[in-house]
Amino acid sequence: MGAFAARHVRLARSMARGRKCLASAANVTDRTTQAPSEARRKRVLSGVQPTGTIHLGNYMGAIRNWVTLQEQYDTYFCVVDLHAITAPHDPMELRESSKASAALYLASGLDPEKTTIFLQSHVSAHCELSWLLNCDTPIGWLQRMIQFKEKSKKQGEDVNMGLLGYPVLMAADILLYQADLVPVGEDQRQHLELTRDIAARFNNLYGGRKWKKLGGRGGKIFKVPDAFIPPAGARIMSLQDGTSKMSKSAESDMSRINMLDAPDLIVQKIKKCKTDAYEGLEFGNPDRPEANNLLSIYHLVTGVSKEDISAECESLRWGEFKPRLADAIITHLEPIQERYRSVMADPAYLDSVLSKGAEAARVQAGRTLNNCREAMGFTPVL
């Protein structure tokens, strides 16, 4: 079996373990009532870049799932602002969008009393561990990353080291917190498998008896994380191409519904979105990706079952369905937008949430980083 195929086998096993953890999550007691002798909750880490505006795809595919996960797991959710500088950026925009992203986390239902919310750049251990891991990660592993190949073609001679090393920083993000599970979509599965490879390599190079001889506790330095697969059907596609994922980086803003879009703009985007010439509407027809995407959005924002939506919409024309879809999106986003405005109107509260989150994150990250330094042979800080 080739190395590429072997990695996919390992990732499939990882995803199976992640599904088993999800199935048993309902049996896990809340951490505030756990007896001291009980095993700790499984830990989950995830984050979204602050570049651009968080859109409906980010929310349905990630953030909304986090609200459920915070009830079942020990969760860390960060705004991954360090990842946002692998391409040219506007410094003022980065500063503003980082806080706006954190505010949207809160507006979407994340509770700082139940989860740790922080900005990635506020925990310096992310950068330091990324450098330590870079020094033991074969460059061939990074050059095989699909995202690097695709984005480096677009950037040409302007491609930078940050883009190549992006997956190592992502590995550092995950491994610092000894995460058991990492929510991943299709575009991040290869990066998670790389994280698992990096963790296993580092443990083999520096863990076990080698670490113990240096005065450490021995054993594994990093927990090797498993994939957590979000619920099926949460992948939102572009409004202009039903075969492409809704994306911040798409050139046209008409391709996405941003979480803070005004009602009039949402109506305009849905009115102009791509459809087809077939009669009626239906889920699951591979020849009708736009129909499947728009019906899926309707299903997700209304909570109505696909069976009931099929019965409601099977004989509708696009001109009849689009206003219903726009109204449903507006109704779903309205309370989130209202809470967002409330959070942004109280900057002291937002700063306190991020400060508290970063402080808690530094404790866990610092513990892991110190173990890495010790195992690699660095002189302890006096």
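The protein chain holds 14 helices and 5 strands. The model is predicted. Buried residues account for 49% of the 382 residues in the chain. Among contacts between residues at least 6 apart in sequence, 75% join residues at least 24 apart. A search of the whole structure turns up 16 salt bridges, while the disulfide count is 0.

**Nonpolar cores**

- The largest nonpolar core contains 59 residues.
- Within this core, the residues with the most contacts are L56, W66, Y105, I297, F321 and I329.
- Helix 13, residues 318-344, gives the most to this core, with 11 residues.
- A second, separate core has 41 residues, and F118, L133, M170 and L175 are among them.

- I297 sits in helix 11, which spans residues 289-302.
- I297 counts as buried because its relative accessibility is 0%, and buried means under 20%.
- Leaving out residues up to four places away in sequence, I297 touches L56, I236, L239, L325 and I329.
- Two of these partners, L56 and I329, are also listed with I297 as having the most contacts inside the core.
- I297 and L325 are 28 residues apart along the chain, and their C-alpha atoms are separated by 7.9 Å.

- D136 is found in the loop between helix 4 (125-134) and helix 5 (139-143).
- Which side chain of opposite charge is nearest to D136, and how far away is it? It is R201, at 5.2 Å.
- D136 has no salt bridge because R201, the nearest side chain of opposite charge, is 5.2 Å away, and a salt bridge needs a nitrogen-to-oxygen distance within 4 Å.
- The side chain of D136 does make a polar contact of 2.8 Å with the side chain of Y206.
- Beyond its neighbours within four places in sequence, D136 is in contact with R201, F202, L205, Y206 and M376.
- R201, F202, L205 and Y206, among these contacts of D136, have numbers that fall in helix 8 (residues 189-206).

**Salt bridges**

- Side chains of opposite charge can pair when their charged atoms come close.
- E113 forms a salt bridge with K356, and the closest N and O atoms are 3.5 Å apart.
- E113 counts as exposed, at 61% relative accessibility.
- K356 is partly exposed, with a relative accessible area of 45%.
- E193 and R196 also pair through their side chains, at 3.6 Å from N to O.
- Both E193 and R196 are in helix 8, 3 residues apart, which is about one turn of the helix.
- Both partners, E193 and R196, are buried.
- D253 and R256 meet in a salt bridge of 3.5 Å, N to O.
- D253 is partly exposed at 32% relative accessibility, but R256 is buried, at 9% relative accessible area.
- Salt bridges with shared partners join D253, R256, D261 and K269 into one network.

**S238, a buried serine in a loop**

- S238 lies in the loop between strand 5 (226-228) and helix 10 (263-272).
- S238 is buried, with a relative accessible area of 10%.
- A polar atom of the S238 side chain lies 3.0 Å from the backbone nitrogen of Q240.
- Not counting residues up to four places away in sequence, S238 touches S244, K245, M246, S255 and N293.

**Cysteines**

- Is C135 buried or partly exposed? C135 is partly exposed, with a relative accessible area of 47%.
- C313 counts as buried, at 1% relative accessibility.
- The disulfide count is 0, so no pair of cysteine sulfur atoms comes within 2.5 Å by this rule.

How values were computed
Residues are numbered from 1 along each chain as its sequence is written. This is a predicted model: local features need pLDDT of at least 70, side-chain atom pairs count only at pLDDT 80 or more; totals for chains, interfaces and linings use all residues. Side-chain values use heavy atoms; hydrogens and water are left out. Helices (H or I, at least four residues) and strands (E, at least two) are DSSP runs, numbered from the N terminus. Buried means under 20% relative accessible area, exposed over 50%, partly exposed in between (1.4 Å probe, protein chains only). Lys and Arg count as positive and Asp and Glu as negative; His and the chain ends are not counted. A polar contact is a pair of N or O atoms within 3.5 Å; within protein, one must be able to donate a hydrogen and the other to accept it, and residues adjacent in sequence count only if both atoms are side-chain atoms. Contact means heavy atoms within 4.5 Å. A nonpolar core is a set of buried Ala, Val, Leu, Ile, Met, Phe, Trp, Tyr and Cys residues joined through side-chain atoms within 4.5 Å.
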